[in-house]
Amino acid sequence: MSGRKDPTPPNSDSRDKQPTNAATQPCPEQKLLDKVKECDGGLNILEKAKQANGGKEVNVVIKDNDFGGKASFSTGSVIVRKSDPPCTQIETVLFEMGNWHRQEDFKKVSQAAANGDLSREDFIRGYEKLEYDNVQDTIKATEKCKEKWGCKNHTFDFDGMKSAKNFDDYYKNYLSKNHKEYYGKAWDREHKAAYDKKHPTK
């Protein structure tokens, strides 16, 4: 999914800072996968992502990018930002593998929008709710695994979202406008015509 680095807690700029307690050299792809295999908080997330990918392993690709992390359903991969610290890269793998696991749920939201059944706001909320559930799983996993990963004192991207009371609080107060607009613009391009046809303005 897009722009995992975009959602930010209110009045927080922690995602623009590199934690001083973490190594700055990125891990190679296999090392990231090995860390997740070592501990994922009981999610069994690599296997779930594999099943969602038709029984094929989901690859990890480390590369320069502007968005932090992305589950690329078209290429069967998870993209991780090269410049992120290793502990953040592990968190990215966990989160984006979780998005892979929820691939069918994302497709259901997209199909409903393609049928003209979801407004722009409903479409955005549908995607963001799936990511919210994934954020919660990722937070729990990092809490259980960070010491095993050698990341005990690391500041993870989602640490600032632990205080979100529920999805509505997360959506209103923790997600940036840019992150919501990424999905909003996708609705504009791909689903607005279907919605307008099914819901003509009187």
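I began with the contact of helix 4 and helix 5, where Asp105, Phe106, Val109, Ser110 and Ala113 in helix 4 meet Phe123, Gly126, Tyr127, Leu130 and Glu131 in helix 5; contact here means heavy atoms within 4.5 Å. Sorted by class, this contact has 6 nonpolar, 2 polar and 2 charged residues, with Ala, Val, Leu, Ile, Met, Phe, Trp, Tyr, Cys and Pro counted as nonpolar, Asp, Glu, Lys and Arg as charged, and the others, Gly among them, as polar.

I note that this is a predicted model, in which local features need pLDDT of at least 70 and side-chain atom pairs count only at pLDDT 80 or more, while totals for chains, interfaces and linings use all residues. Residues are numbered from 1 along each chain as its sequence is written, and side-chain values use heavy atoms, with hydrogens and water left out.

Next I looked up the geometry of the pair: the axes of helix 4 (residues 103-114) and helix 5 (residues 120-145) come within 10 Å and cross at roughly 175 degrees. Axes are lines fitted to C-alpha atoms, for helices over the stretch in contact, and angles run from 0 to 180 degrees between N-to-C directions. Helix 4 and helix 5 are therefore roughly antiparallel to each other, a term that applies to angles over 145 degrees.

**Whole chain**

I found 8 helices and 3 strands in the chain, following the pattern α-α-β-β-β-α-α-α-α-α-α along the sequence; helices (H or I, at least four residues) and strands (E, at least two) are DSSP runs, numbered from the N terminus. Of the 202 residues, 49% count as buried, that is, under 20% relative accessible area with a 1.4 Å probe and protein chains only. Among contacts between residues at least 6 apart in sequence, 70% join residues at least 24 apart.

I then traced the open sheet of 3 strands, which has the order 1-3-2 and mixed pairing, two strands being paired if DSSP finds at least two bridges between them. Its edge strands are strand 1 (59-63) and strand 2 (69-72), each pairing on one side only, and the twist averages 20 degrees from one strand to the next.

How do strand 1 and strand 3 pair, in the parallel or the antiparallel sense? I read them as parallel, over 5 bridges, with Arg81 in strand 3 as the bridge partner of Lys63. Strand 2 and strand 3 (residues 77-81), by contrast, run antiparallel and are joined by 4 bridges, and Ser72 has Ser77 in strand 3 as its bridge partner.

Helix 1 (residues 29-38) packs on the sheet, where it touches strand 1 and strand 3, and its direction makes about 130 degrees with that of strand 1. Helix 3 (residues 86-101) lies across strand 1, strand 2 and strand 3 and runs at about 150 degrees to strand 3. On strand 1 I separated a covered face, Val60 and Ile62, from an uncovered one, Asn59, Val61 and Lys63.

**Two single residues**

I looked up Asn44 in the loop between helix 1 and helix 2 (45-52), and noted a positive phi of about 55 degrees although Asn44 is not a glycine. At 45% relative accessibility Asn44 counts as partly exposed, the class between buried and exposed, the latter being over 50%.

Lys192, in helix 8 (residues 192-198), is also partly exposed, at 38% relative accessibility. Lys192 and Ala113 are 79 residues apart in sequence and 8.4 Å apart in space, C-alpha to C-alpha, which brings me back to Ala113 of helix 4, one of the residues that meet helix 5.

Conventions
Angles under 35 degrees count as roughly parallel, over 145 as roughly antiparallel, 65 to 115 as roughly perpendicular and the rest as oblique.
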